[in-house]
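Keep the sequence and the 3D view open while you read.

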Amino acid sequence: MTAGVREEPREAVRPRTPRRLPLPTLLALLVGFAGVGYRLALLFADAPPTNSDEATMGLAALHIARGDGFPVWFYGQAYMGTLEAYLAAPLVALAGPSVLVLRVPTLALYALFLLLSWRLTRRLGGDRWYALLVVAVLALGADRVVKNQLIAGGGYPELNPAGAALALLTVGLCLTGAGARLPRWAAWGLVAGVLLWVDPLILPYVLTLGALLVARRWRELAGRAGVVLTAALLLGAAPMLVDSIRHGRNPVTAVLAAGGTGTPADWADRLHGALVLGPPLAMGFCSPGRCATWQLWWAVVFPVLLVLAAFTAWHTLRRTSGGPGSPERVQAGVRLALLGGAAGVLGAYAVSNAAGQTPIESSRYLSCLAVAVPALLWPLWQAARPLAAHPFAARRLTARRQLAEVAASEEGGYRHLPEVESIKAAGGLPAGRRARMAGVGALAVIAGVLGTGVAATVDVARTAPGVHAEADRHRSLVDTLGALDVRNVRGGYWTCNRLTYATGENVLCAVVDDDLTPGFDRLPAYRREVAADPDAAWVAPAGSPLAARLDERVGAESGTLDVVTVAGWRIYLPRR
């Protein structure tokens, strides 16, 4: 009877089922694409608004693309590395100078940060739904947040992905075997070195994560791993070290001076700027250029959550059995290091003059608090998860009971399913009143984070048309200067380098203050070129103090100025 039966190929008997992404992973992917797409739409709308500092980085990229120079530092200072200029230089060489080509690398860095944060959340013990929450929070884009992420003004866009990468490497170094760790040691040292060159704001994370590695792997660091780490660190920081040796510069002194100059700010102003305004601005809860009173609620929640998350991580470290390399202890240790880094960032900002003098704009110094989000929100998720999962646990219990009964009826006896009892214990007993209250409170805070972030994101989208209109007016200024064959001008600080970059250095600009005296030129060569041109013009925004001062010199006599009006701008030409 079986002689005529042909044996089917194994593949035909067991067809391969296409692997599908789990639902929370798929949702996280969609939310991540939405966050990147939102920022891409802002870029095409010329938002967030550019400025002369970003144009200074653009000029560095232009010089690198032409081979005219390879700057180590942001022009005019001895700190803040020019990594963004090197990333943008190939695009500038290919497409010419524009704000968009400067920001394509920063957008890619943001996308990388989302991916690394998702992966870091999973490696720190979070389930896929928690990773989705972290991605959703980081996908929101309020005013200060998108400025930090997209404006190529030096340092900020690359800090967060690099910080997340360091944390991931730290997890890997603590969990993998010694034979597989040397490449990770090299990568850790290289990333840390580059960060120290680019912007030392991330230093608290480098120190806390590094301290964890020393505590866990000190024997290994005493051997080849320490040599590899040190060599990679020096390689990453080489631009800073070589330049400092060649020119006798001390970047530490320059960074400390950048924390705020002039009269020291009052401590009350510093603490208000750092602890009240700082966390909501850094988290992305505030409207463009301001923080409404209702948006400041995070200033109360943030320190409480920081302490609670640190206590939770410390408690896990103390009570978890197993050696130093056990996954739970490593996860808790990295969470604690991230929280310590966030506290260090906030503390360093609180003692700076900038927190008291310019708290809204200087809150950019807190941008790398976002690196700690996977650790910061962990207690909220731990409290809220049982409340949300309770009905699902009961359904799984019912399904497993039915499976057990089927197994018993078919084989003549009851087969014990180990998971049934644990699920029954978790899902069958009523939750305590205290646990329910904690869960409701955690869900409320999570909803507040998402809701406030969405409101602030919508506020940014509403300002985009106005920002685009201002960019159009600036393009009209560039076109008019070209039509007038103007090659050299004088203008304010926030006019000059933006104009020079937009024209690809076809128009050079020397900075003047409102009283027409020389201002701060980041590239002194421009001033020399302008001073040598007797026909150099003046450019000022309409209605500005500089324009009012120049209007006094408009007249019909020789030696006075003629004025050409462009939408939003005034061009003053010397009369001959």
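## A helical turn and a salt bridge

Start in helix 22 (residues 433-483), where Arg475 and Asp472 are three residues apart, so about one helical turn separates them. Helices here are DSSP runs of H or I with at least four residues, strands are runs of E with at least two, and both are numbered from the N terminus. The side chains of Arg475 and Asp472 meet in a salt bridge, at 2.6 Å from N to O. The term means a side-chain nitrogen of Lys or Arg within 4 Å of a carboxyl oxygen of Asp or Glu.

Arg475 is partly exposed, with a relative accessible area of 37%. Asp472 is partly exposed too, at 34%. The scale is this: buried is under 20% relative accessible area, exposed is over 50%, and partly exposed lies in between (1.4 Å probe, protein chains only). Asp46 joins in as well: Asp46, Asp472 and Arg475 are linked in a network of salt bridges.

## What kind of model this is

This is a predicted model; local features need pLDDT of at least 70, side-chain atom pairs count only at pLDDT 80 or more, and totals for chains, interfaces and linings use all residues. Residues are numbered from 1 along each chain as its sequence is written, and side-chain values use heavy atoms, with hydrogens and water left out.

The score pLDDT is the predictor's confidence in each residue, from 0 to 100. The chain averages 87, and 85% of the residues score at least 70. Two stretches need care. Over residues 1-8, pLDDT stays under 50, and the model has one contact there beyond four places in sequence. Over residues 391-429, pLDDT also stays under 50, with 21 contacts beyond four places in sequence. A contact means heavy atoms within 4.5 Å. Where pLDDT is low, the predicted coordinates should not be read in detail.

Arg181 lies in the loop between helix 8 and helix 9 (182-198), and Glu220 lies in helix 10 (residues 203-221), so the pair ties together parts that are 39 residues apart in sequence. Arg181 counts as buried, at 5% relative accessibility. Glu220 counts as buried at 19%.

Arg487 and Asp485 form another salt bridge, at 3.2 Å from N to O. Arg487 is partly exposed, with a relative accessible area of 41%. Asp485 counts as exposed at 53%.

## The nonpolar cores

A nonpolar core is a set of buried Ala, Val, Leu, Ile, Met, Phe, Trp, Tyr and Cys residues joined through side-chain atoms within 4.5 Å. The largest one has 82 residues. Those with the most contacts inside it are Trp188, Tyr205, Trp298, Val334, Leu338 and Leu377. Helix 8 (residues 156-175) gives the largest share of this core, 12 residues. Apart from it lies another core, of 24 residues, among them Ala55, Leu59, Tyr75 and Val101.

Now look around Leu338. Not counting residues up to four places away in sequence, Leu338 touches Leu120, Leu124, Ala167, Tyr205, Val371, Ala372 and Ala375.

Gln149 lies in helix 7 (residues 143-150). Gln149 counts as buried, at 11% relative accessibility. Beyond four places in sequence, Gln149 touches Arg39, Thr106, Tyr110, Leu138 and Pro157.

Asn148 is also in helix 7. Asn148 is buried, with a relative accessible area of 5%. Its contacts beyond four places in sequence are Tyr156, Pro157, Arg364 and Ser367.

## Strands

Strand 1 (residues 488-491) and strand 2 pair in the parallel sense over four bridges. Two strands pair if DSSP finds at least two bridges between them. The bridge partner of Gly491 in strand 2 is Val511. Both faces of strand 2 (residues 508-511) are covered: Leu508 and Ala510 on one side and Cys509 and Val511 on the other are all buried.

Strand 4 (residues 561-566) and strand 5 (residues 569-574) pair in the antiparallel sense over six bridges. Asp562 has Leu573 in strand 5 as its bridge partner. The hairpin of these strands has two residues between them, and Gly568 takes a positive phi near 85 degrees.
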